[in-house]
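Subject: Structure handover

Hi,

Here is the structure for you to look at. My notes follow below it.

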Amino acid sequence: MKFADWTQGARRLATGRIVRGAIVAVVAVAGAWLGIMLGGAVRSNVGPVELGMSAEPSWAGETVVDAHPFGTLLFDTHDAPVSLRVTLENINPDRARGFLDDPRFSADRLPALLEEELGAGVRTLIMRAALSGLVGALVTSLIVFRRPGPALAGLLGVTVAIAGTGAAIALTFRPDSVVEPKYTGLLAGAPSLVGDAESIVTRFESYRVQLAKLVNNVSQLYDAVSALPVYDADPTSIRVLHVSDIHLSPIAWNLIRSVTAQFKIDAIIDTGDLTDHGTGPEDRFTEEIGTFGVPYVFVRGNHDSMATQRAVARQKGAIVLDDATKTVAGLRVYGLGDPRFTPDKSVPVDSNLESLDALGRSHAAELAKLPKQVDLVAVHDPTIAKGFSGAAPMILAGHSHERSTELLPSGTRLLVQGSTGGAGLRALEHDEPTPVAASVLYFDANTHRLRAWDDITLGGLGEQSVQIQRHVETDPGRTISPVPTITPSPTGSVTVTPTP
């Protein structure tokens, strides 16, 4: 019995020590974060801009640049549980004018100067945040426990935690993340803040030049007391706006018009479901197409009738592709209309996946016979799109009302667009509204390969506040496998029906 009592007492003692240790750790960590939040922020001059820098707790390590009121840029820079927040606090008028007038701040010297000043600010932030965290942990532990032992133990634990966090940041730091920002804010300010995708993708060194250009823009902004400069389009890139599943929503026309102007779009590709029922009265909705001033490529969706297709073809600048190829803005584009017409309830619609895939494969085999490979394939249904794997480097589709991208085994990239119309009136059937989605694709003018793309998402009904996610094609020159020489014939009853 005495041995059992001793064992039980030892267990209680060990449990008590663990609990006390956990309490000390929690108090110390809470005090450290409080100290960092209260005393860890710093201010630093980078060019003519005064920046505020602070460290914040975050489960996903990231760097956030707050350029209020124009928007914010988010970079996935590391994996440690802390985020760096950079805020544009003020513009120094003397330095702003100096950057415009002083020949010492030339385009060659400016990037190095900005990097030096930014690096100095980050180093100051790290030292100040670490010191504030240690002081906060020590003071909080002394206030709570009123004894030096637990306070020193908490201080030691926080020291180890800060060192571990610093090591995690260093080991997981991704400098290339600067070329793939996520932007949230005003659509008009997006091109200037996100930057020129073509120059960033061409070589990482160009980002230093882009940073200098942004700082110079800020200087001009102050000097001219005007808005950020308009998008400086790179003449060597081809910019294509991919939209889909508009479903009679006028929101889409507003978004398309704004993005086409702000991003200097060369062509628009619509992968179908422009209407809901394909009826005559809906044809008037297509009249906006002629107002964009750029080619509007259209492939029929399962909600678009043949009459809808003819209505689109009558609009200025419209290019309807239905098992046809056309060179648009320098790109060879092949389009295939959807074989179904869902609103016609009198005709059974067979959406058998094997039938749709076989349909795509049969048309891909015909494309393989062409003397020159097409650059881009546009269809409505992603299942049909996968049948074109290997027929082109890039395939665009829609239909699912949810954006996704996939690199197929052949090397072909499939981009499925969400609903640019927020799924139209059918969005009211759901508790959460369907996001309004579109993408800007950047193609190399010489190779006609995709270099980068911006996914644009609106969460509400307006067109001013948006989120833009930049993506970079890691291997734009990859080999695309040829279409299989033996292609199965389409099976099942995939029926093309006329306008009801």
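Four bridges join strand E14 (residues 394–397) to strand E16 (residues 413–416), and the two run parallel. Met 394 stands opposite Arg 413 in E16. Strands here are DSSP runs of E, at least two residues, and helices are runs of H or I, at least four, numbered from the N terminus. Two strands pair if DSSP finds at least two bridges between them.

This is a predicted model: local features need pLDDT of at least 70, side-chain atom pairs count only at pLDDT 80 or more, and totals for chains, interfaces and linings use all residues. Residues are numbered from 1 along each chain as its sequence is written, and side-chain values use heavy atoms, without hydrogens and water.

E14 and E16 belong to an open sheet of six strands, ordered E11-E12-E13-E14-E16-E15, with mixed pairing. Strands E11 (324–328) and E15 (404–407) are at the edges with a single partner strand each, so one side of each has no neighbour in the sheet.

Now the core. A nonpolar core is a set of buried (under 20% relative accessible area, 1.4 Å probe, protein chains only) Ala, Val, Leu, Ile, Met, Phe, Trp, Tyr and Cys residues joined through side-chain atoms within 4.5 Å. The largest has 33 residues, and Ile 268 and Trp 253 are among those that touch the most other members. Strands E4 (71–75) and E7 (237–243) are among the elements giving it two or more residues. Helix H8 gives the largest share, six residues. Another core, of 20 residues, lies apart from it and includes Val 240 and Ile 319.

Best wishes

How values were computed: Buried < 20%, exposed > 50% of the residue type's maximum accessible area, 1.4 Å probe, protein only.
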